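Q: I have a model open and want to learn how to read its features. Can we go through them one at a time?

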Amino acid sequence: MDYSQIFKQAIDRLHEEGRYRVFIDILRNKGAYPNARCFAGHNGPKPITVWCSNDYLAMAQHPKVIGAMEEALHDVGAGSGGTRNIGGNTHYHIDLEAELADLHEKEAALLFTSGYVSNEATLSTLGKLLPGCIIFSDELNHASMIAGIRHSGCPKLVWRHNDLAHLEELLAAADPDAPKLIAFESVYSMDGDIAPIDAICDLADKYGAITYLDEVHAVGMYGQRGGGISDRDRVASRVTIIEGTLGKAFGVMGGYIAADRAIVDCIRSYAPGFIFTTSLSPVLVAGALASVRHLKQSGEERAAQQAAAATLKRLMAEAGLPVMLTESHIVPLMVGCPVKAKKISDILLAEYGVYVQPINYPTVPRGTERLRFTPGPAHSPAMMAELVAALVEIWERLEMRKAA
């Protein structure tokens with residue numbers, strides 16, 4: 001068997017479909033974000049502006065975060081030294097879990113190495129701990145949630161995105177004595193829409209289900225203290241388990257869950273993805289801890305980011321570009337073709353020094369390929385005007401249809 005040919009054909013298919021992923025070689029400029037340097041295809045680094053980072057609030061650049069990481073590095077060194085059970089449980093980890101539990105009005109929290117791992121490990125473990133559990137999953141849930149549900153071995157019922165009537169129909173038809181778990185997100189990162197958390201909790205109460213809410217694109221971003229949409233809507237106490245990330249608005253790395261002590265202790269004690277993984281470096285945990293504490297007290301970054309997103313949506317709409325007018329901070333620009341999405345991205349980078357990554361299948365359904373912009377507090381009005389002018393020129397150059 002020609003193994004090399006099999007692998008080559010697999011990659012060739014991605015190229016033919018126009019969805020082969022290219023990683024851009026860049027370095028951000030500390031203290032000057034969203035400015036960065038691009039090393040791809042140039043004799044020397046080329047200055048660019050980053051428009052697609054999930055570091056929504058530029059907290060990776062914040063002096064408190066950097067200072068905390070530097071202090072931890074010189075205090076305890078680089079790595080954690082092991083799993084949480086064997087040498088890798090530091091005082092930084094304990095403090096951060098306490099802050100996250102408080103942020104989400106829960107008794108306890110548990111750190112993971114990423115948001116993907118926290119979803120996969122927690123959902124797969126919950127399914128194994130609840131005999132006969134049925135999991136009800138929103139059809140647009142993240143790949144990590146889907147993986148966790150699949151690995152749980154539980155029956156899965158997929159409900160139409162944010163469709164409460166369909167969710168209730170499925171709940172009503174299920175065995176009333178079976179354990180039930182409703183898994184959904186707060187902000188859906190590709191379409192930018194928001195789940196009706198309170199109403200979903202009403203259905204959970206009515207049909208005896210527990211709820212699992214993924215807040216990764218909302219923590220730090222919404223609510224008086226940055227606890228996410230459940231904080232903004234004052235329903236955190238109604239949600240059974242809240243999952244979040246430290247790698248987006250908090251600007252560092254890692255994932256976590258927050259819930260009551262019994263649930264957190266079960267995941268801590270049974271989830272292989274937690275038990276057998278080296279814990280986060282205390283340097284990273286110290287930075288995340290500083291970020292969470294800052295954003296609990298400061299709403300300045302959130303307000304500036306929301307204003308930037310609203311401005312960019314308005315400018316794109318006024319220019320006739322097919323922007324999706326979302327209710328969140330996400331600014332998707334619809335293209336509808338993987339080849340064109342990649343071409344637009346390439347032109348923006350090569351000719352305009354603008355970096356935005358094309359979003360293709362399987363991240364979004366075929367035919368809905370897009371560019372996903374995430375303006376932040378440091379994206380100036382001048383940057384936005386230059387971006388929109390570049391997009392208008394490219395749309396005309398490629399003879400693409402503008403919005404009606």
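**Salt bridges, helix packing and buried sites**

A: We start with a charged pair: Lys296 and Asp102 form a salt bridge, with their closest N and O atoms 2.8 Å apart. Lys296 sits in helix α11 and Asp102 in helix α3, so this pair ties together parts that are 194 residues apart in sequence. Keep in mind that the model is predicted.

Q: Is Lys296 buried or exposed?
A: Read the relative accessible area; under 20% counts as buried. Lys296 has 8%, so the residue is buried. Asp102 has 39% and is partly exposed.

Q: Which salt bridge does Glu99 make with Arg293, and at what N to O distance?
A: The side chains of Glu99 and Arg293 meet at 2.9 Å, N to O. This pair also links distant parts of the chain. Glu99 belongs to helix α3 (residues 91-103) and Arg293 to helix α11 (residues 282-297), 194 residues apart. Glu99 is buried, at 18% relative accessible area. Arg293 is partly exposed, at 39%.

Q: How many salt bridges are found in the whole structure?
A: The search gives 22.

Q: What about Glu301: which side chain of opposite charge is nearest?
A: Arg302 is the nearest, 6.2 Å away. A salt bridge needs the nitrogen and oxygen within 4 Å. Glu301 is buried yet has no salt bridge. The residue lies in helix α12 (residues 300-318).

Q: Which residues does Glu301 touch, not counting those up to four places away in sequence?
A: Glu301 touches Leu57, Met59, His62, His294, Leu295 and Pro377.

Q: What describes two packed helices?
A: Two things: the angle between their axes and the distance between the axes. Take helix α4 (residues 115-129) and helix α9 (residues 261-270). Their axes come within 10 Å and cross at roughly 100°. Angles of 65 to 115 degrees count as roughly perpendicular, and α4 and α9 are therefore roughly perpendicular to each other.

Q: Which residues meet where α4 packs on α9?
A: From α4 come Thr122, Thr125, Leu126 and Leu129. From α9 come Cys266, Ile267 and Tyr270. The contact has 5 nonpolar residues, 2 polar ones and no charged ones.

Q: Where is Gly192, in terms of the elements on either side?
A: Gly192 is in the loop between β7 (180-185) and α7 (197-207).

Q: Is Gly192 buried or exposed?
A: Apply the accessibility test again. Gly192 has 0% relative accessibility, so this glycine counts as buried.

Q: Which residues contact Gly192, leaving aside neighbours within four places in sequence?
A: The contacts are Thr326, Glu327, Ser328 and Ile330.

Q: What separation do the C-alpha atoms of Gly192 and Ala178 have?
A: The two residues are 14 apart along the chain, and their C-alpha atoms are separated by 33 Å.

Methods
Residues numbered from 1 in each chain as written. Predicted model: local features only at pLDDT ≥ 70, side-chain atom pairs only at ≥ 80, totals over all residues. Heavy atoms only, no water. Helix = DSSP H or I, 4+ residues; strand = E, 2+ residues; numbered from the N terminus. Buried < 20%, exposed > 50% of the residue type's maximum accessible area, 1.4 Å probe, protein only. Lys, Arg positive; Asp, Glu negative; His and termini not counted. Contact = heavy atoms within 4.5 Å. Axes fitted to C-alpha atoms, helices over the stretch in contact; angles between N-to-C directions. Parallel < 35°, antiparallel > 145°, perpendicular 65-115°, else oblique. Nonpolar A, V, L, I, M, F, W, Y, C, P; charged D, E, K, R; others polar.
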